[in-house]
Structures are given as C-alpha cells and as structure tokens.
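This report describes the chains of one model, the contacts between them and the packing of selected elements.

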Amino acid sequence: MDVDERTTADHVGLREKTITVTVNGDSYQRTVPVRRSLVDFLREDLGLTGSHVGCEQGVCGACTVLLDGEPIRACLMFAVQADGNELTTVEGLASGEELHPIQQAFWDHHGLQCGFCTPGFLLTTYDFLREKHGATEPEIREALSGNLCRCTGYQGIVRSVQAADETWER
Amino acid sequence: MGVKMVGASVRRMEDPRLLRGEAAFVDDIRLPGVLHMAVLRSPHAHARLLSVDVRAARELPGVVDAFSAADLGAEPPGIPFFYNPASFRPAPQYPLATDTVRYVGEGVAVVVAESRHLAEDALELIEVDYEPLEAVVDAYAAIQPGAPVLHENAPDNVAATMVYESGDVEAAFAGADRVISKRLDMQRYTGIPMETRGVVGHRDAVTAEMTIWASTQWPHTMRTVLAGMLAVPARSIRVITPDIGGGFGIKADFYPEDFLVPFAAGRVGRPVKWIEDRNEHFLTIAHSREQIHEVEIALRDDGTILGLRARHITDCGAYQRPLGLVNASLAATSLAGIYRVPALRVEAVCASTNKAPASAYRGAGAPEATFARERLLDIVARELGMDRAELRRKNLLTPEEMPYDTGLVSLEAAVILDSGSFPAAFEQALDMADYAGFAARQQAAREEGRLIGMGICVYHQLTGTGPFEGGSVRVDPTGEVTINSGAAPQGQGTATMLAQIAADELQVPHDTIKVVFGDTGRLAHGMGTYASRNAVMAGTAVVMASTKVREKALALAAHLVEADPSDMVLEDGYAHVKGVPTTRVSWAEIAAAATPGGNRPEGMEPDLESVQYFENMAAPYSYGIHIAEVEVDPDTGVTTVGRYVVVNDAGTIVNPRNAEGQIAGGVAQGLGGALMEELVYGPDGQPQSTSFLDYLIPGSLDVPDVEIGHLETKSPLNPLGVKGMGEGGAIGGHSAVANAVADAIEHLGCTVTRTPLKPATVWELMRSTGAAPAGAGTTA
Amino acid sequence: MKPAPFDYLAPADIEETLDVLREYGDEAKVLAGGQSLVPMLNFRLARPAVLVDLNQVAGLDGIQAEDGALRIGATTRQRSLERHLSSRPAGGPQDLLRQALGYIGHPQIRARGTVGGSLAHADPAAELPAAVSALGATLVIRNAEGTREVAPDEFFEGFFTTSLAAEELLTEIRVPPWPGSTRGAFLEVSRRRGDFAQVAVAAVVTVADGRITRAGLALAGAAPRTVQAYSVVDGLVGSEPDAGVIAELAGNFAAELDPPPDTHGPAEYRRHLARHLLQRAIAQAAGLAGPRAASAA
C-alpha cells in the first residue's frame, strides 16, 4: 500500500488520540499517534526510559510493565489502549532513596550485568512473588522464563529472587 | 599496606542506577529536535543494483532527508580493515551498497524523518531496481570452481589464506602409529545482546564538534575510523559510550550505520538517532563462529599426540570489516590448546559468501578450534579404546614447561602460554564432577532406558591484547577520585573492578571513586573492551596511574606536614606520618595543595592527575576445564543440562563474584551454541533466523547452575598478575555440552560432528544408528 | 519495526463492533489481546487500514460454568481462564484446557492474550485451537445479521485462516460437558518453554466400564492447521484401553501427516513427535499412564 494514498480526510477513525494514564501514581494526559506502542509512549512521551525495547515482538520481556497490576509486554500494546489504566514501571519500585527489596536483592546477589533486561525481570519478579511465598527454584525458573537475559546465565537472577522471597514483607 | 580490595567480592557500584531504571543506554539519550534514521535494506542475497530513486521518499511529510550511495560522493569511503596478511584480497564494505548488494540486509538507502514510524513509511517509497544474481551461501561451495563470484579481485571467493606452522609436521605424521581425521563443523551464531546497536549524532553549533553516543565497545577506534571516513580532523569528533546493554564482541566492529548517522547529522544540521531494531539486528549484526574444520591428528598408540594438521574454512560473509579475518587466525593458533603438540600446521581459509559479514564474538576463533580439538579427542579416545580423561591428562602441558612458546603468532598476538597449572586444574574438575563415578551411573541409567552423558572441555583463551590501554586517575581539589578509562564495558562490572584496584593504591573507599568510560573527549587514547582486556589492560593502566598519584600525594602530604615522603602512609582516606595519626592530611587538602598556585614542594608540577598508557603486546592466556552432564530424552531428542562444573584459572581475580558471573553467563552462551542457536540461511541466501522466535537464546529453564572452582596461577606479564577471563565460559561451554550429548548417544553407533544439537538433530543421529533406543524408531 | 499507519476504532459494544466490521470488511482487522497481531503489525506483515480494538467492548469477556459446561467470552484473558480453571479439580476434561493454557507463551503473554484471539489467529502450532478441538467445543460467531455456531473443524481452515468472514466476530466458546469418568491430557514438545509447539497433543478420553466410550484428539504443529485424529478416535471408541492398540492407531495416523518443515526440524521429526505424544497423551487420558508420561518435555 502506498502510505500517502489516503489523506487525512479519508480517516475513518483516529490517527491521534488524547489519553489519560496513571503511571507510578502520577496522572498524565497526552495526545499520541494511535500507532505508538505503550513502551514508546512511556519512554518518549513520559521520559520513563527504564522500560526497554528489546524485540518489539513480545519475546524478550525487557519492556515488561504492570497494567492494572498484571505483567504485560508494553511493546505489544498501543498507548491508546492504556487510556484510563494504571501502570507500574521500574521507576515506581523504589521508595525514594530506599530500593525495593527486590531491587536490593538483585544488587546483593549479582542479579544483573549489563542491566538492560533488568527492569523487566524486576517487574516479573514483583508479580510472581506478590502471589507466591516460599517459591522453589524450578518455580522461580518457570516464572522467569518469559524474560531473556544474555549476560548472567540466570544464576544470579534466581538467587536474587530467592533472596527477595525472604526479605520482601508483603 | 592497609585495606586490600583486590580479591574482594564487593557489590557492584554500577547497579543502583540500573536497578532504578535510571541508566542511560543509547536509546535513552534524548536530544531536542532529534530526527530518526531508518535504512532501506536489500531483500536480495546477491543482485546488481541498477538504480535507487529516493525522490518520492523525500516528498513524504515529516521526511527531512533521504539518500543513497550516490550521495556519498564520487568515491564513497570504505570501512577499513585492521589486518593485512600477505594473501589478503580485501573486500571492504561501503556505508551503502554502490553497484552490487551481497547479502540480505545490506544497506541501500537512508531516510531521516521526524519519527521512526515516518522514516519506515518513507522507506517503502524508495524505488530500487535490482537485477538478481546467483547467490552462494555455503563456504565450502563458495571456494569450488564455478561458484558465483562475490568480488572480482577474488574470483575463487577466497579473501585470504593464512598458514600457521610449527615443528616438523611431515615427520610427525610419517612416524605416527595412528592418524585419525575428521570434519567437524560449527554453525553460524553470534552474540545477540539484549540491547541492539544504536548511534546518536549531534553537531554542536558553537564548536562544530560532532558528538556521537554509540553502543560500541571501542569508542576511540570508532572516532579514529570515522574521522578518516568523513575526512575530518579527529578533534572534530567526540565519541561517548553511554551504558551498554551487552556486546560480547559484536559491538567491537565498525558498521555502516556508525558512519551513516554522523554523516546524516552533518547533512541535516540536526541531531540524528538510529536504533537498530531486532529484525535489523539479526540481519546485519556481525555473525560469527561458522567454520568447517578438517582436522587430522597423529598419535602414538599410547595416546601421545605427535602432531595436528588441519584446514579450516571460515565463512566470512560478504565483506571484511575491521576484524573480519580474526576468527580464522585465532582458530588456527588456538587449535593445539594447552596440550603438548610438537608439530602443527593449520591452513586458515577465509571464504566469501552471500551472508552478513562475520566478525569476532566472545572467544573469536577459540570456541571453533576448541570444538574441533575437544570433539576430536573424544573420538580419538574411543578409537584407541582409551579413557578420554587419560588421553587428555597424558598430553597436557605441565607447569615445568611454562612459559611455553608455541612458535605461532596470530593476527593479534604471539602464542606464548605465560603460566598455568593445567594438570592440577584438570584433576580438580574431574573430582568436582565425580568423573570417576560417572561410568557406573551412566550404565545404571542406560539400564533404565535413560541416556545420560558427561562432556569434558579443556580450553584456553587469548586475553588482554595490546598494544595498549589508557587510564587516568585524578583527584579534584575537593578530594574526590575520578578514573577515566579507555575501556567501554558492557556489563562486566569494570567500574567496580577499576575502583577496587585504585582503592588499594590510594586507600580510599572504592565506592567513593567515580569511573568514567569510553569518552574520547576525556582521554586522548584508548582501545576499548573486547578480547578479555579489561583487567589486564585497563586494570594495569589504572595501577600505573594510581601509583603515580599515590607517590605525588605522599610527596605533597609530606611537604604539608614537613616530613619525609618515605615516612608517610595512606590510610582511611588520609595521609599521615607512619605511627603519628595526628599528622593526618586529607585528600582534599593534598589536592588543594596540588592546584596551580598551591603549596607544593619546589619544582613539583601542579595538579593531581596521572594519565598512563599500559603498552604491552605480550598477552596472557587463561584457561579452564568445563565438565557438563546432560540427559537426552530418547523419545524426543531433547537435551537437558544437569550438573555443570568449571575450574577456572585467570591468575589474580580482582572481584571473584563478578568473575563467576562472567563464567555463568559465558556458559549459557556456549550452551546456546551447542544446543539451540543458529543463524540459518536458505539456499537462496534468505536468512531464516530473523527474530527471537527463530533464533533461540537460552531461557531461565535451559541453563544449569554452574559450580565453580578457582585456581590462581598469577600471570608474570603484569603487576596484578591478572589474566582476562570473560570469554572462557562461552569457549568451554559449547564443547563441554556438545561432548556430553555425544557421550550420551554415541554408544548407539552415531558420531557428533556438528552443532547445534537441537532435538531434531539428536533424534536423527539416534535414529541413524539403527540401534536406536525404544522411542527413537521410525514412524513412517 | 514500527507499524504502518492505521485508523483506530474502539467500539463500546458488540453491535457497534459488528456495524464497523460490516462497513469496513477486509480493510479492518480486529485487535483483541494483540499478542500475535501486534508483532505482525510491527513487522508490517499485517497492514490493515482500520484497527478495531475489542478491548472496550462490553459483554465480550467472562466465564460461566454450569453443569459441567463452560462458556468463555471471546476476549476473556488467557490468564483469567487459567486462574478460573486452577480452582477446579485436576485431571478432568477441562484440566486439559488449563494445561494447554500453561504452554502459551508466558504469564505476560497470557495476561493480555485472549482465548478468542488465539482461536481466530489460527496459528497451526498454537495450543488453544487443539484444546478446543479435542474438547468438541462450539464456537459462536456473530455478524450484524445474526449468530451461527460452528464446530472447530468448520472453523479452522488452514494456515492462519478460519471460516470467519470479514464482517464476523467470534464472540464465545462453549465447551460441552463430558461424562464424569473423563480425563484430559495435554502434552507438548517445544524448543523452549513458552515457544510455539513443535508438536502438541490434546486428548480427552472417557472410560466407562473398562471401555473407551468417547474421545477427542487434536494436534498442533503437525499440519498446516490444527488437526483432529478422527481415525484414532474411531479405533479407540468401544475398545478397552490397550497400549498396543493405541500405539498402532497413533502410528498409522502419524504416518499420514505432512507437517511443514522449518528451521527447528524436518517433517519426519514432527511426524515422530506426533506419534509419540499422541500415544502418551491417550495413555494418560485413558488412565494407562506409565511413569514416563508424567515428564512431558
């Protein structure tokens, strides 16, 4: 298809939309192109660059955020679809200077190397441990299997999740 | 000396920013008015480029610029190559294809637009007229007469043939009891970091300096190459590495986009950003590993190795960029490993094919050669009826033979094994893995219908390559210490390591030291982070610089308290006269005294900074033993890796926890290569592994815990006694896992000669024997 | 990897959705969970002029369980169904659905992905089409004129194609009740956890008075579409569960399959997996499971 074959007058729906989202407790109103992904919106429109773009096809998990409490791939949603929803990103985990117990565990147990995949792992872990206490190593590995890490071999990440399971009071 | 940080497993200083989402990777660099670049890529593996018309793209609203090779000038600059052996017939890549495209993904034209979306829209409006040519995708086929030719200057598609020889090979083979030969192939696979590549360029309106943020492992090299290609003075380009999301060697290359972004930014006068998407990444990132090894080994009946004779063909893809020949060279000089091989001859053939250009990836030739050797040794042991550990034990070099000069010199360095305790490491690994008890367990498992196997891999790696690395240590008048390093790490924890090294010299808390990497505006010369060079090269440069600062600080402090410098000591962030803590002078006071106009001893130069370059061509070699245990499902061919043991010897370890992280991560990549990862091309040159669904990297359920034992045979080649080690996991992992799978199934009558050992491949191997276990029968 | 331009519509109810679909026909593409469609948009492999987002449509999601039957709204999130089924007894026919859901991607995919979306996408290697086929589910389809109900075999037509017309919408999946003595099993071999199946088998078997009285068998990854093993079902029904009979039926069925080869393995390997998994899944669902059957890869 020729991209300019249809003019603005031909639009049957919206090419841009104004949306309101709550991210990490703060409300934002922005007008965005409808084809902008949620992760691009977080990064470019809100400046929350902690969520990373690793594949844009939903496999690597680097863009994992919580949408109304559920972990999702922010590369597989359009920003307009999050209108009216609440999001949690990596920037929302720590309380001021104090790291979240999951972040602290990743620091204490060498749960990261380059750190690019880390925000996705943190939010996946958050979702997993919120419901699960006393997780076994196979359960942890299963829970993490939707996030790819190329640096650590996962060993440090698994240790970190085990530690956070013990230290996070929830 | 007081507090000792080298050797301490401290937490990484890098982590809090990364954990908070506050890091700045290249895509996080946000410049006002930035434009986005997209590249139109060839859909053909081989075609004549008849015409490229970008006019319609330029007309699309939101597009600022569009151009093709025709706009690069009458003689577009080629990407330089760094090695030039006598046989080399260069096939340089140009930033955009000029008259022929030679692989799917090769850049043909560029669009610069207000958004990436618009830039991609505009790519669809560029009209290109291709005349398809026959493609050649197999390196063996490429060098046969009559194959399609990629480059006119090499009608046989051989870009270079390098021959490495030591000892009397003919005599060794003539005098052998046995000669065993095998063809062993490694597939095309590569680093695939979680962060793709990216470049942001911005020319400052006041200084006219072009600042470039790039996800690169060698900023200084990038600066120098770019200055040459753009024909501008080096001073007009500043390259800065932000946080880098993994590299593993493939970001130590010079890619077309490294030129195109600054070039485009110069044309449009606005900042330009290009972030490689994952599809582009699979198409165009430096591919690696693909080699065909034809190896012959000469032995006595008792298993003593007399010689190795080999030819390997490296699939270099369509062009050679800076390190394009390195894999071939290092595979040749790595083939003998840490065994006593009195005679060796390797012919390293570099073949051109219609695939993405290949270059170095974690191990760079060593994993390939290690696979050829370690797989061959298992095959030899079986043919000799000898225990595979005994065969290795018999031929390992001993500490008494160190240093051991192989007589070989690769494109990178002379192969002189500087130090090591190979037999001790070997026995330690066998003990940890309970090699002695495995045969009985394997037999018991087979009786239950289960297939388990244990694989051994003995490897060594070239580390800390020269010629130099730079580092500066400065103390500001407020007392804080800053290190500037020419390294450009990608997750190794190098900031923490360098701070630990400097902390020992300066006796300040390591976590108060700021470490800045890879900024050509802060350090005149640097090499970067690849070839496991950080500890050896960047670390030694920091030792040198902090020693100078320490000496000067002591002299200043002595001057301030009117004592003799030799009586002064550094402790807890202060200097004082030994035994007299009341004389203490803070770093801030010392540094203030060092400022121009300050209270310095007569004749002392002002300022408290030292810039040092560690110049060294003698590369240390580290080594390790990997032992993997696997189970193969006889019904499905699926391999599960169970226990995994590593004994690693990289001399002094600055931060053991970081080192162990490097090993575990490397093993995961080696395992991926052994079982999962492959960049597949169809016979027409169409890539088939262009997404994370087709190219499988290991997930959390695929990788075992790694049990690690350390030996510390210090290198005599640098003051810390360190050797590099970051690549070893990937070198050892591939062959240990492959050998373990072989051990699990070869009793059925098959032989493992290539990787990856994906389930279907293993199933076919088992089925091919006719003596297949219950589940592996035919269905049709 | 950014999508081509499209217009975005987010209707509020089913009627409005059907009107939109009638108006734009082939120009429109329905967006449910987006876990397959959005990657295709990002790769520009799908380029609809109009994207019709179902996520605001009222009354299209939800789970109702009554008398052993299950009615699942098309936009029910896979994770919601998984949670619903997790609270029910293991081993029954619907447990096969729970097991199948566990193989779909990862929690992050299932949190967004919908049951109807996966069916309408009709990936031949996807789990849910096989699961609903084996369970003999009914798919409820609406257009502006009315409603039709189809069996899975009338729905799945081929490689990523269904009998769903451009103006139609899959609104509900109805899983029928099975007799009390029914067991389900879902087995899969994939390259990695969460990847699409190389081959997966869904098996539902009712055993009464020592004989198989009813069965449903379907495979993913074994053909260009989800296929049901009717010949195996016919051979099983009326007979006593017997490993030899199962092996022979599974072998004969698998030999006729023509799975598309890909980079993960040749057709021959997939045929072998089909036979092997079919055998094991039937044995497990028929209560013959040996120790190995529990360790599905």
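How many residues does the contact take from chain A and from chain B? The contact takes 44 residues from chain A and 45 residues from chain B, two residues being in contact if their C-beta atoms, placed from the backbone, lie within 7 Å. The model is predicted: local features need pLDDT of at least 70, side-chain atom pairs count only at pLDDT 80 or more, and totals for chains, interfaces and linings use all residues. Residues are numbered from 1 along each chain as its sequence is written, while chains are lettered from A and ligands numbered from 1 in the order in which they are written.

**Chain A and its side towards chain B**

Chain A holds five helices and five strands; helices (H or I, at least four residues) and strands (E, at least two) are DSSP runs, numbered from the N terminus. Their order from the N terminus is β-β-α-β-β-β-α-α-α-α. Along the principal axes, the C-alpha atoms of chain A fill a box of roughly 60 × 30 × 25 Å. Of the 170 residues in chain A, 62% are buried, a residue being buried if 20 or more other C-beta atoms, placed from the backbone, lie within 10 Å of its own.

Chain A is divided into domain 1 (8–92) and domain 2 (101–167), with bounds from an automatic or database domain assignment. Their centres, taken over C-alpha atoms, are separated by 24 Å. Twelve residues of domain 1 of chain A and eleven residues of domain 2 of chain A make the contact. Strand S3 (residues 64–67) of chain A gives the most to the domain 1 side, with three residues.

On the side of chain A that touches chain B, helix H2 (101–108), helix H3 (118–131), helix H4 (137–143) and helix H5 (155–167) of chain A each supply at least two residues. H2(A) gives the most, with four residues.

**Contacts of chain B**

Chain B is in contact with chain C through 28 residues of chain B and 23 residues of chain C. Helix H3 (116–123), helix H8 (278–284) and helix H19 (759–768) of chain B each supply at least two residues of the chain B side.

The table gives the residue classes of three contacting sides. Ala, Val, Leu, Ile, Met, Phe, Trp, Tyr, Cys and Pro count as nonpolar, Asp, Glu, Lys and Arg as charged, and the others, Gly among them, as polar.

| Side | Residues by class |
|---|---|
| Chain A, touching chain B | 21 nonpolar, 15 polar, eight charged residues |
| Chain B, touching chain C | nine nonpolar, eight polar, eleven charged residues |
| Domain 1 of chain A, touching domain 2 of chain A | seven nonpolar, five polar, no charged residues |

**Helix packing in chain B**

The axes of helix H14 (residues 494–506) of chain B and helix H15 (residues 534–561) of chain B come within 9 Å and cross at roughly 30°. Axes are lines fitted to C-alpha atoms, for helices over the stretch in contact, and angles run from 0 to 180 degrees between N-to-C directions. H14(B) is therefore roughly parallel to H15(B), a term for angles under 35 degrees. Residues making the contact include B:Met497, B:Leu498 and B:Ile501 of H14(B) and B:Ala538, B:Val542 and B:Val549 of H15(B).

**A helix of chain C**

In helix H3 (residues 78–86) of chain C, the buried residues are C:Gln78, C:Arg79, C:Ser80, C:Leu81 and C:Leu85. Their cover includes strand S4 (70–73) of chain A, together with elements of chain C, among them helix H4 (93–102) and helix H6 (115–121).

Terms used
Parallel < 35°, antiparallel > 145°, perpendicular 65-115°, else oblique. Buried ≥ 20, exposed ≤ 12 C-beta atoms within 10 Å, placed from the backbone.
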